[in-house]
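Okay, everyone, thanks for coming. Let me put the model up on the screen, and then I'll talk you through it.

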Amino acid sequence: MTDPHGSIIVNFIARIMMIPFIILYAFYVLVHGEAGPGGGFQAGAVLAAAVILSRLALGREQRIVSTGGLVILAVAGLLVYALTGVAPMFFGGEYLDYGRLPIPATDGIVFGRVTVRSIGVFAIELGVAMGVMGVLGAMFDYLTGAEWSGSDAG
Amino acid sequence: MRVLSVIAMLGFAGLVVYATSALPLRGDPDAPAHRYLSPYYVERSASEVGTPNIVTAVLGDYRSYDTLGETAVIFTAGVALLMVLGRGRKRD
Amino acid sequence: MLDELLGRYPYWATAVLMVIGLYGMLLKRSLIKKLIGLNVFQGAVILFFIAGSVKAGATVPVLIDEGATDPALYVNPLPHVLMLTAIVVSAATNGLALALMIRIFDGHRTLDEREILERPART
């Protein structure tokens, strides 16, 4: 599982034709999650698919993030969520009460405006996406035994 | 034991079919589940949250504390997996 | 009669899927097959919730326009929210279950339930 596949066709299709577009699509799902179908959980799952494909097709050397990076990403995702919830408490709000955040609401493309609450919702969606991507990717690494040098991981 | 299991399975199927015979038909717009709480989300999410996607509005704002718990569950499952398969595992 | 059939077939499909899942969990001896049965059961519950959110003539719960907030226009968003998180949590807990199976295989050299119960783990 840790060795590259060795086929130039698999390598080319995965690296040039699939992984960049999967990642682009994941960011589309994440950013577009407030205006259409999508959101943090889905974007995290799609990003994890890109990570797993890079490990299956390209091997250790060309993986997108390392196992440690994925674990850090999972921790950071939960932290982003929790700290986004704490932030309004400094401005007189309650936990996760994004409306109190001192962000000026500007004009946008969705309904002609961007509300402060929707910015808060996007922040927690970002945290969820990071967390889901980190957990699912790290799970794949540990389950396939790519963390270790041996190959008999069950 | 196998006979008991098959009897339990068939009994469970009968229970589900019997219980769902009292539910409103699929697609009924006046079902009780559609009249309580969910109209509030549909009517108010645009003005209160400002996101067209009602699912995102409910997930990220009205029930964001619940979503925080779900994220914590996913994270905990990941940490538990790392503890089960991580350092200290016997090699043979 | 036809209304009854068209209005209740998702519930019957749920019952069939639940029985398939229970069959996997109760009668199969391999732990992997038990986990697959558990997942089929989980899928049945998710299908049940999503079938319960349907309204005739309604569309996906994404507002067409800022003013179009008639609840009859959109399906019930609440089951979608609950099942969205349930699916991701099930993926994460599946990973944990597979990790536990790897450890069981390390100790017992088998995933057969009967053999695991009969033979003590190798130390």
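Some housekeeping before that. This is a predicted model, where local features need pLDDT of at least 70, side-chain atom pairs count only at pLDDT 80 or more, and totals for chains, interfaces and linings use all residues. Residues are numbered from 1 along each chain as its sequence is written, chains are lettered from A and ligands numbered from 1 in the order in which they are written, and side-chain values use heavy atoms, with hydrogens and water left out.

So, chain A. It has 4 helices and 0 strands, and along the sequence that reads α-α-α-α. Helices here are DSSP runs of H or I with at least four residues, strands are runs of E with at least two, and both are numbered from the N terminus. Of the 154 residues in chain A, 42% count as buried. Buried is under 20% relative accessible area, exposed is over 50%, and partly exposed is in between, using a 1.4 Å probe and protein chains only. For contacts, the rule is heavy atoms within 4.5 Å. If you take the contacts in chain A with a separation of 6 or more, 58% of them are between residues 24 or more positions apart.

A:Leu96 sits in the loop between helix 3 and helix 4 of chain A. Buried or exposed, this A:Leu96? It counts as buried, at 4% relative accessibility. Chain C has a case too: C:Arg109, also not a glycine, has a positive phi of about 60°. You'll find C:Arg109 in the loop between helix 3 and helix 4 (113-118) of chain C, and at 39% relative accessible area C:Arg109 is partly exposed.

Next, chains B and C. Here 52 residues of chain C touch 47 residues of chain B. Between them the two chains bury about 4400 Å², with 72% of that on carbon and sulfur atoms. Buried area is the accessible area, with a 1.4 Å probe, that two parts lose on being put together, summed over both.

On to the spaces. We use a 1 Å grid over the protein atoms alone: a cavity is a set of points where a 1.4 Å probe fits but cannot get out, a pocket is an open set with protein on both sides within 12 Å along at least five of seven lines, and lining residues have an atom within 4 Å of a point. Points are joined across faces, edges and corners, and a volume is the space filled by probe spheres set on the points.

The largest pocket comes out at about 340 Å³. Its lining has 21 residues, and B:Ala33, B:His34, C:Phe49, C:Gly52 and C:Pro79 lie nearest the centre. Helix 2 (32-35) of chain B, plus helix 2 (31-52) and helix 3 (77-108) of chain C, each supply at least two lining residues. Helix 2 of chain C gives the largest share, 4 residues. That lining splits into 15 nonpolar, 4 polar and 2 charged. Nonpolar is Ala, Val, Leu, Ile, Met, Phe, Trp, Tyr, Cys and Pro; charged is Asp, Glu, Lys and Arg; the others, Gly among them, are polar.

There are 2 cavities of 30 Å³ or more. The second largest cavity holds about 40 Å³, and its lining is 6 nonpolar, 3 polar and no charged. Among its lining residues are A:Gly77, A:Val132 and B:Phe75.

Last, the rings. Over all chains there are 8 aromatic pairs. Rings of Phe, Tyr and Trp (its six-membered ring) pair if their centres lie within 6.5 Å; planes under 30 degrees apart are stacked, over 60 edge-to-face, and the rest tilted. B:Tyr40 and B:Tyr41 are edge-to-face, because their centres are 6.2 Å apart and their planes at 70°. B:Tyr41 is buried at 6%, while B:Tyr40 is partly exposed at 34%. And ring pairs link B:Tyr40, B:Tyr41 and B:Tyr62 into a cluster.
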